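The structure is shown first.

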Amino acid sequence: MKKDSKTTQILGFIILLILFSLPFVAKPYTINLLTEMIIFSLYAVSYNLLLGFGGLLSFGHGMFLGLGAFTAGAMLQRIPGLPFFGAVLLGTLTATVIGLGVGCLLLRHKGSYYALLTLAFNALFHALAIKWHGVTGGDDGLPVKRPNINLGFVELPMFDVTVFYYVTLVVIGCAVLFCWYFTKTAMGKTVLLVRENEERMQFIGYNPAVSRMILFTLTAFFAGLAGSFYALFFKFVGVDAISIDMTTTALLMTFIGGTKSFFGPVLGAGFYIYFQNFLSNLTDRWPLFMGILFVIMVLFAPQGLSGLIRSLVELFGRLGNGKTFRKEKNVSGK
Amino acid sequence: MNVIIIFILHGLVYAGLLFLVSSGLTLVFGMMNVLNFAHASFYMLAAYFSYSLLKWTGNFWLCLLICPFLLFVIGALIERFLLRKVHVLGHLHELLLTFGIAFIISEMVKWIWGTAPLPIQVGGFLDGNVTILGIIYPTYRFFVLFCSIMIGLLMSYLLLKTRMGITVRSAVDDSEMVNALGVNTPRLFMFVFALGAALSGLAGVIAGPLLSINIGMATAILVDAFVVIVIGGFGSLIGAVVASLMIGQIQSFGALLFPKISLALIYLLMAIVLITKPSGLFGEKK
């Protein structure tokens with residue numbers, strides 16, 4: 001076990017090192033792709049906190065990304081001189097507050113009811129975004145300008161691909177790490193245990209409904225943060241950002257990556273963005289292939305990519321163990 | 001006065017469509033505990049089938065007969081070869097599977113028929129208008145109303161009076177017990193799932209000329225059907241009838257009286273029902 005966590009630490013360190021040094025060698029196109037992957041990683045990780053850790057299938061995660069994106073975009077347009085992180089903060093806060101409100105309405109529900117209600121709320125916000133033309137731009141979408149970050153002694157030029165990449169990496173990276181930390185806290189364990197045995201947790205004295213609501217609000221917070229960066233990254237927010245398709249994206253990423261491991265969705269987000277880029281060069285019908293891949297994975301690999309990797313590692317481990325075992329047996333046979 | 005009657009009729013027509021879609025959804029949920037996200041995709045698929053078939057044969061009545069049957073077969077195949085496979089993995093995977101199927105169907109439709117809305121002409125006597133009590137109203141809308149009432153009556157007869165219906169109703173209550181009593185529940189599930197698909201398909205065919213055939217039609221009715229079964233209560237057919245009627249009138253009069261917030265009205269109703277009676281109007285507390 002100790003050895004295992006040490007390898008994980010080394011692996012994590014190497015990945016961080018690669019992520020930080022990549023801009024020195026990669027082309028701007030690759031860096032842009034990587035930035036998108038990082039933003040969607042947080043989105044997928046926050047979705048997995050609901051699906052994988054809470055056991056709650058939500059079809060309304062897209063609305064929080066959309067709320068974050070629209071608020072950040074609209075505020076930048078309306079408040080002159082609003083700083084970069086001011087917009088991020090406002091976007092994230094709006095998503096969190098609405099997450100809290102929706103979470104209160106969902107208090108008593110779980111399972112299919114939960115899936116259904118979140119879907120209805122997402123449809124409501126989608127309809128609102130289309131109708132509220134004055135703020136969201138309706139079907140035309142909302143152009144977003146990306147302000148520079150003023151640190152006092154130096155101004156960071158945010159139009160620069162590399163600078164935006166580093167800012168995203170640090171902020172979103174910290175948020176992802178915080179999500180990971182959350183799963184280790186007492187609150188995180190409570191959520192996990194409520195998923196496993198709700199009645200017993202109730203008996204011990206926890207309130208499952210409240211812990212579900214806190215989890216929901218927290219994921220809304222992170223999705224809103226990802227949404228704010230989404231707006232600033234694309235410099236444009238369309239109604240697609242708040243649609244059910246956006247929720248679908250979270251679900252696909254998370255499921256393809258694997259819901260059972262924390263970093264599975266990160267893998268899934270990276271794979272999804274890469275695969276999407278790769279396929280859209282070949283065919284316009286890439287969502288179809290994504291859907292077929294999804295159904296195949298539901299049928300044959302319900303643990304996702306990370307599950308596949310884990311079973312491969314275990315297979316190799318068992319092969320290795322088997323060899324040593326046989327040797328030992330030979331020795332004892334003599 | 002005439003305006004009010006016309007809007008009541010509009011609401012009834014939409015309620016009829018909604019009932020056809022949501023009755024299958026609520027029965028399948030009651031029996032198999034699976035919330036079928038692909039249900040409205042069957043509706044869309046049938047509408048597109050009817051478009052092609054109508055272009056080919058020119059006979060709307062043929063579409064009305066063949067398309068639901070095609071959907072019945074497709075539904076049966078999906079239940080038998082896909083849904084049953086993931087049953088052991090639990091509800092979450094079943095839900096995800098139906099969701100994936102819905103996704104694939106919608107992409108296939110985009111691929112085959114394109115993304116532009118398709119016009120459809122019924123032809124024959126259904127195209128005209130009828131004058132009743134001084135109100136001129138399209139014949140086709142009366143036809144939709146007639147169809148949904150007939151199907152509703154047929155369904156209640158089947159469910160209440162036949163042996164098959166008794167089995168289905170008991171399976172909605174407790175499918176394990178029904179299985180233990182010697183009924184082949186997997187076959188029953190397949191049959192009800194396919195029947196739900198066929199009903200949804202029928203709704204799709206008759207919805208085609210009424211609303212337009214487009215790629216957003218599945219999501220639009222799916223959300224409304226979900227709201228119907230939340231308000232009516234899961235697994236309750238009477239609930240589906242009552243909630244469909246309510247949603248139909250709200251949609252119709254919302255567009256007349258509060259055009260700005262008409263979209264939000266049904267969600268408002270849903271929120272009120274959820275707060276006062278979380279299991280729905282006719283749902284059992286589970």
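pLDDT is the predictor's confidence in each residue, on a scale from 0 to 100. Helices (H or I, at least four residues) and strands (E, at least two) are DSSP runs, numbered from the N terminus. This is a predicted model: local features need pLDDT of at least 70, side-chain atom pairs count only at pLDDT 80 or more, and totals for chains, interfaces and linings use all residues. Residues are numbered from 1 along each chain as its sequence is written, while chains are lettered from A and ligands numbered from 1 in the order in which they are written.

**Confidence in chain A**

Chain A has a mean pLDDT of 85, and 95% of its residues reach 70 or more.

Over residues 324-334 of chain A, pLDDT stays under 50. There the model has zero contacts beyond four places in sequence. Two residues are in contact if their C-beta atoms, placed from the backbone, lie within 7 Å.

**Overall form of chain A**

The secondary structure of chain A comprises 14 helices and four strands. Its C-alpha trace spans about 85 × 55 × 45 Å along the principal axes.

Of the 334 residues of chain A, 44% are buried. Buried means that 20 or more other C-beta atoms lie within 10 Å of the residue's own; exposed means 12 or fewer, partly exposed is in between, and C-beta atoms are placed from the backbone.

**Where the chains touch**

The contact takes 27 residues from chain A and 30 residues from chain B. On the chain A side, α5 (111-131), α11 (244-257) and α13 (286-300) each supply at least two residues. α5(A) gives the most, with 11 residues.

**Helix α6 of chain B**

In helix α6 (residues 163-173) of chain B, B:V168, B:A171 and B:V172 are buried. Seen down the axis of α6(B), its buried residues fall within an arc of 105°, so they line one face of the helix. The arc is that of the directions from the helix axis to the C-beta atoms. On the other side of α6(B), B:R163, B:I166 and B:D173 are exposed. The cover over the buried residues of α6(B) includes α1 (2-32), α5 (139-161), α7 (175-180) and α8 (185-210) of chain B.
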